[in-house]
Amino acid sequence: MDLLGFARGPALKAALAIFCLGVAWRIAGFALLRIRRDLNKPRASPARFLTEGLIAVGTRSWPHPEFIGRTGAGEALGYSYHLGLFALVLLFGPHIAFFGSLIGIRWPGLPSSLITVISVLTLALFLAVLFRRVTNPVMRMLSNFDDYFSWFITMLVLGTGLAATAHIGAPYQTLLALHILSFDALLVWFPFGKLMHAFYIFPSRAINGALLARKGATS
Amino acid sequence: MSAPAGMLGASLAPAEQRSGEARVAGAMSGFAREVGALSAFRLESCIHCGICADACHFYIATEDPQYTPIWKVEPFKQAYKRESSPFAPLIRLLGLKREVTADQLDQWQHLLFDSCNMCGRCSLICPMGIDVAALIEQARHAMFEAGLAPKELYQKAAHQKLTGQPEPSTEPYSAKLIAIGERFGVEIPLDKPEAEVMLCVPRTDIEHYPAAVAALARVMKHLGVSCTFRSDGLVAENYGYYAGGKDWQREISRRLIDQAIACNAKTLLVPECGHAYAALRWEAADLYGKPLPFRVLQVTEYLAEQIQQGRLRLAAAVAGATTFQDPCESVRKGGINHAPRTLMKAMGIDLHEMKNHGGFSFCCGGGGGVIDIERAAPLRYRTMENKLREIDDTGAQTFVTSCSDCRRTFDDAQAHFNWQKKPQSLLELVADSLTGAGNTE
């Protein structure tokens, strides 16, 4: 078995298994802890605060006007590279083919030239994000191994993908194998670090939004 | 005055009497008691973006990263990840999180108490939707168990738990209430066996703002509602809430709950005191162990309700251009945003809102017990500068609030900064604007 075969065969299967089990374990690890019933009489009806919780999923996507001046640029940077990643993961032809082989559904992608532009932009944004993390005193203080390793492994996938599509540095087959191996590594790391926020973000916004709405509090 | 250690229980001896190991053990067991699915989810969800710093007036005023709200719970985040998160054994094996140390907890006392008003503004900015203020409150509980509540809060909480009053006084507060009634020429309803509404009062009002006590009595008399204060459940404040002593908070709340039940009250009316409202409205039933058999209403929402039901009419207040300080605990965190504005509208007040108002208002700087912590004063003054500027920028001549701790904090600022504005009580404005015969006359 060559490197590419290993990367897209047993390595990918093992990584997917670790990813699924790890994510399930991580979520079960806290979700199965006790949930205290709130005995204080709610201000809003359950329907109202559940609706408000769902609304919070959307409204927390962008800062309230009171905060935009201080946080708008940082949040825009954050959302930009996420959008770049989503476009690359979900709208690049070979990725669509890969997902199609897994779930049996395919969808239209973006032209390769546009994908290349998005890749370069996303790469630049990724570097800007790292620069911000190490230069912003608050982010630097909060950051730990998880933050840097999660950045590194995502960057590795992005960089090897870009190298593979641009045929830079090594034969295509080797670059593709490295790209898939780095993706395998990302899947393995995913449940252990902050990449889990992909699973947390919407439930977290919804739950806390609903709990604040239960009190009629500002959300 | 400090409460005798023997009466407080050996495990809650102040920090200086305990070893470092005992402090850490107390904090960790206190924290373990707190961690349920919801708080674990909040701790799990943080992505270290640091955006919460930009909502916090302590950080905004100083640009010091240690005041980042989520950093204030770092030892407990660290402990959660290391001791009880789903991959805790792996984290310990790889040494990714260190054990929490006694020195670290000592250092965090400043961050969790002196530099946090528990105002909840940080909870509005987190892109992950984390209620950071809720985590900070839980961290305060753990610090209390470690004996690391600041002495001012600890002693007041201890005294209130034992006596019902946060501080010793020359005569019982019930006697002081009667004296206030005589001074202001209003009858103070006290210890009636039955009443529709049970009243309580901030100790701050008794000691510093007696006119607010008289205003409450006048308004209730005007409404013709059967109401009473109860000598055995008089004080609205809950220093257990501030100090992080959850069991003490329960006992302090329990005095009021028991008295409200004893007089068959349908409503427990919380006066102009933000944290008293939070403790009674949003936490008391959980600590009591069952839903409360009466409503808990803050006085502004009660009066707004009376206006909406046509039972209260108010004449125009002589106030001129006015701005309003939103108490964090009742407005942002408690959901009473409209009621104060309904009252001001009914009095024809020309309201000039601050740049950040309503749910997004900045804290006065004294909330969360910070006004009581002596060593916190220099930092508190620094954070207040922005608030005072916002008030001045409205151009309002009159400055109103509905929280006695806010009043006390601004009065203190007035003296410190030689600031010209004196905060007024919204309740007192209402009492001065009562019109019509009232329901009993």
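Overall, the model scores ipTM 0.94 and pTM 0.93. For chain B, the mean pLDDT comes out at 93, with 95% of the residues at 70 or more. Where pLDDT is low, the predicted coordinates should not be read in detail.

Chain B is built from 21 helices and eight strands. How does its radius of gyration sit with that of a compact globule? A compact globule of 441 residues would come in near 22 Å, and chain B has 22 Å, so the two agree. Along the principal axes, the C-alpha trace of chain B spans about 75 × 50 × 35 Å. As for burial, 61% of the 441 residues of chain B count as buried.

Within chain B, four strands make up an open sheet, running in the order E2-E1-E3-E4 with parallel pairing. Its edges are strand E2 (227–229) and strand E4 (295–298) of chain B, each of which pairs on one side only. From one strand to the next, the twist averages 30 degrees. Strands of a sheet pair through backbone hydrogen bonds, in either a parallel or an antiparallel manner. For a closer look at one pair, take strand E1 (residues 197–199) of chain B, which pairs with E2(B) in the parallel sense over three bridges. Here Val197(B) stands opposite Cys227(B) in E2(B).

Turning to the interface, 48 residues of chain A are in contact with 44 residues of chain B. Which helices of chain A each supply at least two residues of the side that touches chain B? They are helix H1 (3–31), helix H3 (65–91), helix H6 (137–142), helix H7 (145–166) and helix H9 (197–215) of chain A. H9(A) gives the largest share of that side, with nine residues. Sorted by class, the side of chain A that touches chain B holds 20 nonpolar, 14 polar and 14 charged residues.

Conventions. Residues numbered from 1 in each chain as written. Chains lettered and ligands numbered in written order. Predicted model: local features only at pLDDT ≥ 70, side-chain atom pairs only at ≥ 80, totals over all residues. Rg over C-alpha atoms; globule rule 2.2 N^0.38 Å. Buried ≥ 20, exposed ≤ 12 C-beta atoms within 10 Å, placed from the backbone. pLDDT = per-residue confidence, 0-100. Pairing = 2+ DSSP bridges. Axes fitted to C-alpha atoms, helices over the stretch in contact; angles between N-to-C directions. Contact = placed C-beta atoms within 7 Å. Nonpolar A, V, L, I, M, F, W, Y, C, P; charged D, E, K, R; others polar.
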